[in-house]
Amino acid sequence: MAMHSNQNYSLQSSNSFNIKTSCSRIYFPSSLAELQQLPDLMTENFYILGEGSNTLFVEAKAPIIIQPKFSGIDILEQNDHFIVTVGAAENWHELVCFCLEKGLYGLENLALIPGSVGAAPVQNIGAYGVDFADYCLDVHWFEFASKTIKVLNKEACHFAYRDSIFKQALYNKGLITQVTFRFPKQWQANLVYAGLDVLPKDSTAKQVMMQVIKLRSSKLPDPKILPNAGSFFKNPVVSAENFAQLTKQYPNMPNYPQKNGEVKLAAGWLIEQAGLKGYRYQGVGVHQHQALVLVNYDSDRGADIISLAKYIQRKVSDKFAVFITPEVRMISEQGERAFSSLTDINPIDFNTNDDVVPKGNNND
Ligand SMILES: Cc1cc2nc3c(=O)[nH]c(=O)nc-3n(C[C@H](O)[C@H](O)[C@H](O)COP(=O)(O)OP(=O)(O)OC[C@H]3O[C@@H](n4cnc5c(N)ncnc54)[C@H](O)[C@@H]3O)c2cc1C
């Protein structure tokens with residue numbers, strides 16, 4: 001198995017925040033036999049890395065990295081649907097384009113989401129009214145303890161909003177090697193989401209994809225030009241009572257009632273209302289058009305993003321008494337850490353330096 005062990009393997013080009021960090025060992029398993037040769041991970045600090053577009057390395061050193069390299073796409077046609085199996089290392093957007101070219105429809109609303117296919121089930125990626133789970137049939141998952149590949153059907157994956165069993169009960173117990181999709185032949189454009197509702201009802205999947213690409217490109221900075229990890233915070237979900245209080249004070253607050261009675265709020269709106277859209281401090285900041293996206297102008301350090309994120313969290317909490325938490329994964333030399341535990345990684349003290357922080361300094 002390809003493996004590098006030079007004490008200083010740079011991961012700067014393997015994370016979309018462009019943070020300077022390196023690991024002492026990195027493994028690239030591409031077969032079951034290679035997975036079975038991995039060291040005993042129960043005794044090591046490690047991180048499974050896809051394309052690093054939902055990952056923030058918070059220190060100059062990273063743990064042992066495992067970057068699965070399972071590739072290939074297979075299509076099986078059945079009476080009324082297609083079954084498509086895809087290797088974890090395939091690129092998500094390229095898969096979306098490939099499916100459309102082959103006449104397999106469903107993923108078009110998820111075009112242009114960065115990252116690998118193997119990471120898609122982990123947080124059940126979603127956009128424009130569609131979630132990964134909507135077309136998932138099963139996930140092939142290598143279990144470290146038994147050294148075997150298990151097949152988890154969609155129900156077993158416990159998909160929820162930006163969540164799955166891979167972030168919960170199976171966290172760090174294995175890795176995804178392959179994903180299987182089921183695309184019904186009968187297809188109808190999903191145009192419910194704002195921005196897609198301008199399209200005619202009989203739009204083709206290609207037209208939907210082009211509109212999604214247009215909308216995303218106009219709203220989100222390209223990480224290759226302005227490093228970022230997409231939405232940094234999750235949209236918070238509050239109780240109905242809590243929302244009733246908030247809406248009295250903020251009648252225009254965007255809200256998305258959930259089936260269980262709770263209400264999802266727009267984290268980007270909360271950040272914007274807290275006065276932080278376009279906010280910039282040293283080498284990092286809040287994107288000037290999309291407050292949910294934190295950007296790295298010219299910092300090498302994940303710690304700078306952490307400081308900014310903590311500041312935002314506090315400002316939003318002060319104004320709305322709503323606690324927003326990151327969607328992005330925080331990786332230290334010891335492996336993944338909870339955002340709330342990163343008290344040692346906070347070089348800029350935003351808590352006491354409000355006055356010296358330049359505001360509205362947007363010259364990007
Ligand atoms: C500009 C931009 C826009 C974005 N827009 C969206 C969006 O609209 N919707 C959305 O949901 N997300 C969005 N994201 C987030 C990101 O694209 C997704 O989270 C994506 O799935 C990350 O893929 P990755 O391969 O880069 O994952 P990484 O960042 O490498 O890893 C993410 C998580 O998955 C785990 N993981 C990766 N590969 C495997 C594997 N094979 N087996 C087990 N675990 C694995 C990692 O350990 C980690 O916990 C956006 C990001 C950016 C930069």
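Let me start at Gly-50: a polar atom of its backbone sits 2.7 Å from an oxygen atom of the ligand, a polar contact being a pair of N or O atoms within 3.5 Å. Everything I describe comes from a predicted model, in which local features need pLDDT of at least 70, side-chain atom pairs count only at pLDDT 80 or more, and totals for chains, interfaces and linings use all residues. Residues are numbered from 1 along each chain as its sequence is written, and side-chain values use heavy atoms, with hydrogens and water left out.

A polar side-chain atom of Ser-53 is 2.6 Å from one oxygen atom of the ligand, and for Ser-116 a side-chain N or O atom lies 2.6 Å from an oxygen atom of the ligand. The protein buries 94% of the 980 Å² that the ligand exposes when taken alone; these accessible areas follow the Shrake-Rupley method with a 1.4 Å probe.

Now the shell as a whole. There are 31 residues around the ligand, where near means that a heavy atom of the residue lies within 4 Å of the molecule. Ile-48, Ser-53, Thr-55, Pro-114 and Ser-116 come nearest. By class, the shell holds 15 nonpolar, twelve polar and four charged residues, with Gly counted among the polar ones. Strands S5 (46-48), S10 (126-127), S14 (174-184) and S15 (228-231) each supply at least two shell residues; strands here are DSSP runs of E with at least two residues, and helices are runs of H or I with at least four. The largest share, three residues, belongs to S15.

I turn to charge pairing. The whole structure contains nine salt bridges, each a side-chain nitrogen of Lys or Arg within 4 Å of a carboxyl oxygen of Asp or Glu.

One of them joins Lys-185 and Glu-77 at 2.7 Å, N to O. Lys-185 is in the loop between S14 and helix H3 (205-219) and Glu-77 is in strand S8 (residues 73-77), so this pair ties together parts 108 residues apart in sequence. Lys-185 is partly exposed at 35% relative accessible area, while Glu-77 is exposed at 53%; buried means under 20%, exposed over 50%, and partly exposed in between, with a 1.4 Å probe and protein chains only.

Another salt bridge, between Arg-314 and Asp-318, spans 3.5 Å, N to O. These two residues are four apart in helix H6 (residues 302-320), and therefore about one helical turn separates them. Arg-314 is partly exposed at 24%, and Asp-318 is exposed at 55%.

Methods: Polar contact = N/O pair within 3.5 Å; in protein donor to acceptor, adjacent residues only side chain to side chain.
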